[in-house]
Amino acid sequence: MNINFKEDLKTTLTNCEDPFRAIKDIQDENGIALAQIRPALPLLDLLGVKRLDFHLAVLDDMKDRLIKRIQELAQHGDKKQLEVLLEKSFSVINLTHVTPIVMEIVKHMPRIPDRYVKYIVEHEQIYSRAPIELKRLIWIDNPTLFQKELQPIISQYLANVEEQLLQCDQNYFLQLPKQRRQTSPTIQSLLQMIGTNIKLYDIVRASLQKLFQRTKIVHYSSLRLLLLMAFHDLENNSVSKSDSIHIFVWTLDAALKERKLDVKKQREIEQFLDANVRDTDIINKYIPFVLADPNVISILAKSCILSLHKQVDDEIPLPRSNKELQFLLKLLNMGLCAWDVLDGAMSYHDPIDSKLLTNYLPFLIRLIVENRLNTDTSSSSTLKLVLPQTEFVQYMITNRLACQLFLRFIIEIYHQKQFWLATQLIPYLNELVENGSGDKLFLHQLVYFVRQSVEQIHYIGILLDRFFVLQAQGHEFVLYYGLILLKHVLHKPNGTNLVSKYLSHSLKPSQDHSTFIHDKYQQLVREYDEYLRQLQSREHNQQQTSTDKQNSFSIFH
């Protein structure tokens, strides 16, 4: 393509003796070289059709045919012909109507010459229009550019998760994992960006792990697991098979689906770990990172608490002799302490603290037994619960595993509607507010199950008084979820009295709280005022109806 560009055209017209002749020569040289078309050109000139409009119309008509022909050349492996086409056409890649044709040639090239790649990357308008196949080829040799593309997508994922945790109408942790990854825009975008390229997948995997180690944000772990299983869903996918912990994550995904890690899956995981015990990358890098996923933490903690209940029901061995429970605790501890394992401060082989097995867990079992005795209708009187001593509270503060088990214990007793035991243990949440009870991951589940299980607002009032009110001013999200509980009880019998009590003072945000919290509070105040007006209007209508009936009775008598 020998195309006269703007400067060449300007020079030609400036120096020529006959401009009209020069223009005709340029048109003949650069126009469509088909004899059948030439007789029609004077007619188009008479009709006022510009040559540019004519050529663009022809190009649009031929574009699909050209692209189809390029695809045929690619299917036949005609690399030489594609290189010739690219060499001739790349100079017009900036022309909007031609760009798709040039991009089609480029994306079928097994390797793109560096000068073309550099040009595309340096021109944002061209790069943004590049097909994903071309971008993958660019990203392989330019991982920094790929990571730049990843940043907004990953950030949006974190924002979406945070938004879901702030909504308690549905439990984030009860979503089916396959549904979560199929409906996640982030996962679908990453699948498209990576395609079948294992190198790009490795870049994403490594980036997520680095972000996790730098920020300690556990949702990066969730994204790692979801992405791997999304590729697993694509049958016979080479990407998922290339991941060394594919089998491990597959087993965890099945446990997430069933919302518990049963004995069969425990053994499958244990066999995988035993088979790879010498691989330090798998044991001390990849496994802890995946186990830090809050969804995995949730099912592991739940499985541990269910095991304690099972010990009471089936009289199975106590914690210090229960190998299955100890394995669950080991996995849970690795997930909770993933940062320490990744930094080398802990190891997979470190044993569980003996005090947890011989003192702490037996005390939780004792609470389960005493609660059952108290709720037994055959009992003639209410038993006094032996509450945790100071040393046990201090142990939970210093031991992440003990703390996580207690928080899950609280969630489960609300889920099982064991409100008497719950009211006894609520005050201890105040001691753990810096260790997890003030975290969104815990508060989201707690408030969800309280809303689902508690019918009597008396028990919600106890929860508010003994925990939420005490921590609301110092911990913003405790206040936020307290307001959600108030909104829940507003429409219940006598709910307005409870809401009025807390809105006026104890759950009113201070100047130190964010605009977000103040907006949430004002929204609840407006809903409360509107509901009061509806109640007053309803009472007025009922009184009016009653008065009308009495007047009617008086008239007839």
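A: Ile287 is buried, because its relative accessible area is 1% and buried means under 20%, with exposed over 50% and partly exposed in between (1.4 Å probe, protein chains only). This is a predicted model, in which local features need pLDDT of at least 70, side-chain atom pairs count only at pLDDT 80 or more, and totals for chains, interfaces and linings use all residues. Residues are numbered from 1 along each chain as its sequence is written, and side-chain values use heavy atoms, with hydrogens and water left out.

Ile287 sits in helix α18, residues 280-291. Helices here are DSSP runs (H or I, at least four residues), numbered from the N terminus. Leaving aside residues up to four places away in sequence, Ile287 touches Ile245, Phe248, Phe272, Leu273, Ile282 and Met334. Contact means heavy atoms within 4.5 Å. Ile245 is 42 residues from Ile287 along the chain, yet their C-alpha atoms are separated by 7.5 Å.

Now the helix itself. The buried residues of α18 are Ile282, Ile283, Tyr286, Ile287, Pro288, Phe289, Val290 and Leu291. An α-helix has 3.6 residues a turn, so residues three or four places apart point the same way. Asp279 caps the N-terminal end of α18, with a side-chain oxygen 3.1 Å from the backbone nitrogen of Asp281. A polar contact is a pair of N or O atoms within 3.5 Å; within protein, one must be able to donate a hydrogen and the other to accept it, and residues adjacent in sequence count only if both atoms are side-chain atoms.

Asn197 caps the N-terminal end of α13, where a side-chain oxygen lies 3.1 Å from the backbone nitrogen of Lys199. Among the buried residues of α13 are Leu200, Tyr201, Ile203 and Val204. Lys216 follows α13 and lies in the loop between α13 and α14 (219-233). Lys216 is not a glycine, but its phi is positive, about 65°.

Arg259 has a positive phi too, near 65°, and is likewise a residue other than glycine. Arg259 is found in the loop between α16 (246-258) and α17 (263-275). Arg259 counts as partly exposed, because its relative accessibility is 30%.

Next, a helix pair. The axes of α20 (residues 323-336) and α22 (residues 354-375) come within 12 Å and cross at roughly 100°. Axes are lines fitted to C-alpha atoms, for helices over the stretch in contact, with angles from 0 to 180 degrees between N-to-C directions. α20 and α22 are therefore roughly perpendicular, a term for angles of 65 to 115 degrees. Leu325, Gln326 and Leu329 of α20 make the contact with Leu356, Leu357 and Leu361 of α22. By class, that contact has 5 nonpolar, 1 polar and no charged residues.

Glu315 lies in the loop between α19 (294-314) and α20. Glu315 counts as exposed, because its relative accessibility is 71%.

Definitions and conventions. Helices (H or I, at least four residues) and strands (E, at least two) are DSSP runs, numbered from the N terminus. Angles under 35 degrees count as roughly parallel, over 145 as roughly antiparallel, 65 to 115 as roughly perpendicular and the rest as oblique. Ala, Val, Leu, Ile, Met, Phe, Trp, Tyr, Cys and Pro count as nonpolar, Asp, Glu, Lys and Arg as charged, and the others, Gly among them, as polar.
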